[in-house]
Amino acid sequence: MTRYAANTDVSSHRSRDEIERILTRYGADQFMYARQDGENAAAMIRFRKDGIHIKFVLPMPDRDDPEFTQTPAKARARSADAAERAYEQAIKQKWRALSLVIKAKLEAVESGIAIFEEEFVANIVLPNGQTVGQFMLPQIEAAYETADMPPLLPDYSSPTTGDGS
């Protein structure tokens with residue numbers, strides 16, 4: 001399968017800067033970028049629009065993955081330089097894809113095709129720092145496994161007596 005921007009020449013820095021410009025153009029009033037190297041390497045984009053905090057986590061590939069260290073046919077090892085170029089290309093591709101996703105979502109909202117909260121629902125940051133997606137996905141999985149719906153909110157329909165009952 002072909003990946004979007006698999007052969008892009010646009011650096012990850014330019015894509016990140018483009019994302020910040022896109023967010024500003026569509027009304028975001030806060031922007032943050034963070035990076036974590038090593039095991040579970042990832043980058044993160046956070047922004048705020050209309051008081052709603054959004055977070056995208058972009059998992060980074062493993063530098064030692066055979067996708068980078070071996071030729072496509074996996075017949076032989078790549079040189080260190082070739083492996084680094086393949087790894088950097090994968091990172092550039094991921095940043096281009098994230099830029100596309102964010103721009104498409106914001107344009108859909110701007111064009112009246114979608115509602116901001118619905119378009120970004122999985123990426124909305126909850127008060128505990130989790131995203132809605134992180135919070136809900138285990139519950140959705142459990143609902144499919146058990147065929148039971150999790151309670152959305154506590155049931156306050158019956159009056160309490162004030163004595164704890």
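The model is predicted, so local features need pLDDT of at least 70 and side-chain atom pairs count only at pLDDT 80 or more, while totals for chains, interfaces and linings use all residues. Residues are numbered from 1 along each chain as its sequence is written, and side-chain values use heavy atoms, leaving out hydrogens and water.

A patch takes residues with over 30% relative accessible area and no salt bridge, joining like charges within 9 Å; a salt bridge would be a Lys or Arg side-chain nitrogen within 4 Å of an Asp or Glu carboxyl oxygen. Helix H1, residues 12–25, gives the most to this patch, with three residues. Helices are DSSP runs (H or I) of at least four residues, and strands are E runs of at least two. Arg25 lies in H1 and is exposed, at a relative accessible area of 54%. Exposed means over 50%, buried under 20%, and partly exposed in between, using a 1.4 Å probe and protein chains only.

Strands S2 (residues 42–49) and S3 (residues 52–59) pair in the antiparallel sense over eight bridges; pairing requires at least two DSSP bridges. Arg48 has His53 in S3 as its bridge partner. Two residues sit between the strands, and Asp50 takes a positive phi near 55 degrees in this hairpin.

Finally, look for negative charge. Glu39, Asp62, Asp64 and Asp65 gather in a negative surface patch. Asp65 lies in the loop between S3 and helix H2 (66–69), and counts as partly exposed at 30% relative accessibility.

Methods:
Patch = residues over 30% accessible without salt bridge, like charges linked within 9 Å, V, L, I, M, F, W, Y side chains within 5 Å. Areas by Shrake-Rupley, 256 points an atom, 1.4 Å probe, with all protein chains shown as cover. Lys, Arg positive; Asp, Glu negative; His and termini not counted. Charge placed at Lys NZ, Arg CZ, Asp CG, Glu CD.
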